[in-house]
Amino acid sequence: NITVHPQPVAAFSLNSSAQCLRGNSFATTNSSSGATSYNWSFGDGTTSTANSPTKTYSASGTYTIRLIAITGNSCRDTLTRSVSVNPNPTAAFSLSSSAQCLQGNSFSVTNSSSGATSYSWSFGDGSSSTAASPTKAYSTAGTYTVRLVAFNSSGCSDTLTRNITVHPQPVAAFSLNSSAQCLRGNIFTTTNSSSGATSYNWSFGDGTTSTANNPTKTYSAAGTYNIRLIAITGNSCRDTLTRSVSVNPNPTASFTVSNNAQCFRGNRFVFNSTSTVSAGSLSYAWNFGGGRTSSNGRDSLTYADTGTYRVRLIAITSAGCRDTAFSNVVVYPQGTADFSIAAAAQCLRGNSFSFTDNSRVGSGSINAYDWRFGNGNTSTQRNPTGVVYASAGTYNVRLITRTSNNCRDTITRSVTVKAHP
């Protein structure tokens, strides 16, 4: 007798016939019939006798998985299947910087991936890109994860992430006590209301700088200047604010007086402004003393009383800047000429007239006399006597007095020389 043993039927399936190298795991499902044991070989030198083994490959390539199904009588059947282990690409990229300030931020990516044919980027703020080497700008400060997934033609991928930081921007802010001042006594005070900054750089437009929180500035020359504040964070992020200020020129007040010392009678003072300013126009405010004022550039004035008057001129620019000039003028007392005659009417024979000075002056003194007797004779004595007339008639005697300030007054009186019968 002979026996023919039945043949087993080798059969198995795989979870997939192709996988990517990273994370590959080929699971077998053994559906053989009539067999009691199994020999597996995986094409890389490894084997198994498990019923439905799982295989992970350590290198990419194409492998043959072979199953030998064996009966108890050592009858066999064999089945092979090919699997592909596709290589993974290598994701690699660098960034232009890992941290930037919010204002003007722009992160440039340099993609150095290998074995990849396409890319998927995500930037941690909901935005994405499929460009090879995109550029990214963020609208909000924060820390973001940039992720690159590199794909090859087999659909295998590699992922690389890098963190970047977008530092918050400070806000530069300041106010000034005024935007325009006159040169004389100017002082600009800053009030710094910046936020998010730890240090400050000020420049004032004239070559001077400061790192104070709230500096004050005095300019030495008129002009328009830009005050600039740079507010800086601990991460060197900056914001800049500029404000313009005007330093207006002061005028130089001055004036002339036609004659600053005059006698009371007929006094007339002419005042003329010679004030100047480097830019703009001028207006004037005069105070002549004695309650008299004017806004003219040139004016004349007659004083109603004697005395010394302090004249003040304020020159005012169109920007309201001022300068003041002073000068004294004097109105001297005129003096009052007066005299008496001992006998104003005399007979021709033996006539002899005597004149007594009665002149007076409010201040100073009378120090010169000019007598004119009407007969061609004169005298400079204060009280002339023995004035003789050679013929009968009426004569006008005139006295001219001159004070120590050269002010004059005149009086005329008549004398009569009677003819003899």
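# Strands and disulfides

Visitor: In this predicted model, over how many bridges do E25 and strand E27 pair?
Guide: Strand E27 covers residues 269-273, and E25 pairs with this strand in the antiparallel sense. Within the pair, Val257 stands opposite Phe271 in E27. The pairing of E25 and E27 extends over 3 bridges.

Visitor: Which strands stand at the edges of the open sheet of 3 strands?
Guide: The order in this sheet is E25-E27-E30, with antiparallel pairing. Because each edge strand has a single partner strand, one side of each is left without a neighbour in the sheet. The strands at the edges are E25 (255-257) and E30 (298-301).

Visitor: Which residue in the turn of the hairpin formed by E31 and E32 has a positive phi?
Guide: E31 and E32 run antiparallel and are joined by 10 bridges, and Ala315 stands opposite Asp323 in E32. There are 4 residues between the two strands of the hairpin. The residue with a positive phi, of about 90°, is Gly320.

Visitor: How many residues apart in sequence are the parts that Cys182 and Cys321 tie together?
Guide: A disulfide joins Cys182 to Cys321, with an S to S distance of 2.1 Å. Cys182 lies in strand E18 (residues 180-182), whereas Cys321 lies in the loop between E31 and E32, so the pair ties together parts whose separation in sequence is 139 residues.

Visitor: What is the distance between the C-alpha atoms of Thr401 and Tyr144?
Guide: Thr401 has its place in strand E38 (residues 393-403), and with a relative accessible area of 1% Thr401 is buried. Leaving aside neighbours within four places in sequence, Thr401 is in contact with several residues, among them Ala337, Ser359 and Cys407. Tyr144 is 257 residues apart from Thr401 along the chain, and their C-alpha atoms are separated by 107 Å.

How values were computed
Residues numbered from 1 in each chain as written. Predicted model: local features only at pLDDT ≥ 70, side-chain atom pairs only at ≥ 80, totals over all residues. Heavy atoms only, no water. Pairing = 2+ DSSP bridges. Buried < 20%, exposed > 50% of the residue type's maximum accessible area, 1.4 Å probe, protein only. Contact = heavy atoms within 4.5 Å. Disulfide = S-S within 2.5 Å.
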